[in-house]
Amino acid sequence: EPEPGGRYEAVVPHWFYCKVTEPRERWVPFSAQDSERLEAAHAAGKEQDGVVVPTSGGRYDVHLRTRQRVAVYWEEEVAEVRRCTWFYKGDKDNKFIPYSESFSEELEEAYMIAVTLGEWKRKLESPNREVIILHNPKLMVHYHPVASSDDWVSTPTEQGRPRTVKRGVENIAVEIPNGEPLQIDHLVFVVHGIGPACDIRFRSIVQCVNDFRNVSLSMLQAHFKKAQEQQQVGRVEFLPVNWHSSLHSTGVDVDLERITLPSINRLRHFINDTILDVFFYNSSTYCQTIVDTVASEMNRLHQLFLQRNPQFKGGVSIAGHSLGSLILFDLLTNQKADPEEEEHCEQGSRATSSTGGIEEVKEILKKLELSEYCDVFEKEKMDRQALFLCTEENLKEMGIPLGPRMKILHYISSRTERKVSKPGSPSQHGDGSEDVRSCQYRDVGLGQVSANYPQLNYKPTIFFAFGSPIGMFLTVRGVKRIDPNYSLPTCKGFFNIFHPFDPVAYRIEPMIVPDLEFEPMLLPHHKGRKRMHLELKEGLTRMSVDLKNNLLGSLRVAWQSFTRAPVPALEAGSTEAEAEAEASTEKQPDTKPEEPPAAVKEETTPINVGRLNGGNRIDYVLQEKPIESFNEYLFALQGHLCYWESEDTVLLVLKEIYQTQGITLDQPLPGSQ
């Protein structure tokens, strides 16, 4: 602190913006790098030119001349911006509030004179008739205005209570963020579910995605430190996509209000505003509005992002929460692949049919107990596709007798009837042999609401579904199985992430591999181990299995000793047999123990879950917190809304995104794929 008559040093300003959260205002500091950028533009005298400075990773623009902070990608109230040097402590929450820029200049001038001349106890009056007294460099106080005789409501104690005054941002208790890396490696669009609120605190999709983005920055620092030091990694940008406001601005709310009963008003309003979104999506009229809004908004955001980031060369992924994931899934299943890709797929399927088609025909004939005709079909170079195009006349020309001919024709007709598919559906890629191979599966587009699904301007790298009901909706629509050969036309990655207690989430993998029972992949904890209560549960399960096996072994020995026939002639030999029996029963629990439950069993053999995620696992389950394990029902709602601040979810998203660029975690997490 300066001594009286000492040397004056100019205050270092920091830029703040005003965040209005009813019923109060809160002044939030810009990051250090944003504040430096704003100060540099201010010092250069560019304010008269109406200069705009991008801040907060390019998501907000600051108009210097009007001192306004404006959202770039979504609609939001314009926030006041202030170049701050002097602060006073507020009454309600003890947060420091900046003085206006003009009055801060007066305070700074008075402070400079006091320091230079050593003349303290200087008194200034603010525009609100409030008095500030600079007693000394360490004690500066702000007093309320003295009440007049008319202001009889105010008590003397309220009038006389002083507020602390501070000079410079370094002297107030406020956390200034460092800022975000300038380099953007990947772009992710995030689509919300039902209703305007996305979490337990009734916050908007913008606020929830802000949390998701902040967690991603901390996860990058914790798990990609080496790549960051080598400047291989910048950050991933997450942008929210809002469709709820467009749907409810169609006038449907007014129509609903007319027919809504007046009783239990709040509950009915909540249902109209949230749960009815599911019914809207299943209506062809409003489904068209929703898919048009989501697709056009993602295309608009993508185009705007490229305009503002011309150097961006990364990929684009999409993520959906709850109903939002179903909207994205339906959009993706109705995208059209490039003609080059379709031609490549056809060539691959033709090559497959030419090499393995004849063998497939032999398998069919063997199944029909007609193996003796294999040579005839091989001579005619008959593959599976050609077989399904055969008519009775063709088979007669080949010399196939009537009985075998009828069997083959019945097989072809029964297989053709089982195929249910729409023309031009996304599951029909490749040639006829591909269609025939998938004829026992129903198209994933079956039962979709009749709508004209728009095309996206880009091919998503990965599709992430959080707390998704996709599996349930596909089943309700009549899709019992998904063809293992099916993949989304323009997106090769698909991850279905859910909390174990999420009541809205359903699995996808059992629809691809229905004959095999297996657990979803357990998402590793971001700190590199299972949660303590899960390890304890697993340990107790293993202990109970060991006890059970030992007890069964003892019971077997006891039972054998009771039921053994007491024949004297066999007594000598039986002692050896008994010893062997005891040894075998004792060894049995060790050599072949009863397997623990699937929930705690480690993955040993890879499971083929088809091409929907490029041959990799699709279903990933989060680890519940210790407090959540006490009552599943109590935390069910929280389980559906937990993804925005889940470090484990964010880390999986980052890991999979950067893996496409050949960048891995500093330390592989145990149990991760």
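Biologist: What makes the pair Arg 203 and Asp 199 a salt bridge?

Modeller: In this predicted model, the side chains of Arg 203 and Asp 199 come to 2.7 Å, N to O. A salt bridge needs an Arg or Lys nitrogen within 4 Å of a carboxyl oxygen of Asp or Glu. The value of 2.7 Å falls within that limit, so the pair counts.

Biologist: How do you know whether Arg 203 is buried or exposed?

Modeller: Arg 203 has a relative accessible area of 14%. Buried means under 20%. Therefore Arg 203 is buried.

Biologist: And Asp 199, buried or exposed?

Modeller: Asp 199 has a relative accessible area of 7%. That is under 20%, so Asp 199 is buried.

Biologist: Which residue forms a salt bridge with Arg 203 at 2.5 Å?

Modeller: Asp 211 does, with the closest N and O atoms 2.5 Å apart. Asp 211 counts as buried because its relative accessibility is 17%, under the 20% limit.

Biologist: Why do the side chains of Arg 235 and Glu 237 count as a salt bridge?

Modeller: They meet at 3.2 Å, N to O. The cut-off is 4 Å, so the pair qualifies. Arg 235 counts as buried, at 2% relative accessibility. Glu 237 is buried too, with a relative accessible area of 1%.

Biologist: Which residues are linked with Arg 235 and Glu 237 in a network of salt bridges?

Modeller: Arg 59, Glu 180 and Arg 213 are linked with them. In total, the structure holds 24 salt bridges.

Biologist: Now the surface. Which residues make the nonpolar patch?

Modeller: Phe 202, Ile 264, Leu 267, Phe 270, Ile 271, Ile 275 and Phe 279 make a patch of about 720 Å². Helix 8, residues 265–273, gives the largest share, three residues.

Biologist: Where does Ile 275 lie, and why is it called partly exposed?

Modeller: Ile 275 lies in the loop between helix 8 and helix 9. Its relative accessibility is 37%.

Biologist: Why are helix 10 and helix 11 called roughly perpendicular?

Modeller: The axes of helix 10 (residues 284–308) and helix 11 (residues 323–333) cross at roughly 80°. Roughly perpendicular covers 65 to 115 degrees, so the name applies. The axes come within 11 Å.

Biologist: Which residues make the contact between helix 10 and helix 11?

Modeller: From helix 10 come Ile 290, Val 291, Val 294, Ala 295 and Met 298. From helix 11 come Ile 327, Leu 328 and Leu 331.

Notes:
Residues are numbered from 1 along each chain as its sequence is written. This is a predicted model: local features need pLDDT of at least 70, side-chain atom pairs count only at pLDDT 80 or more; totals for chains, interfaces and linings use all residues. Side-chain values use heavy atoms; hydrogens and water are left out. Buried means under 20% relative accessible area, exposed over 50%, partly exposed in between (1.4 Å probe, protein chains only). Patches are made of residues with over 30% relative accessible area and no salt bridge: like charges are joined within 9 Å, nonpolar side chains (Val, Leu, Ile, Met, Phe, Trp, Tyr) within 5 Å. Accessible areas come from the Shrake-Rupley method with a 1.4 Å probe; for residues, only the protein chains shown count as cover. Helices (H or I, at least four residues) and strands (E, at least two) are DSSP runs, numbered from the N terminus. Axes are lines fitted to C-alpha atoms, for helices over the stretch in contact, and angles run from 0 to 180 degrees between N-to-C directions. Angles under 35 degrees count as roughly parallel, over 145 as roughly antiparallel, 65 to 115 as roughly perpendicular and the rest as oblique. Contact means heavy atoms within 4.5 Å.
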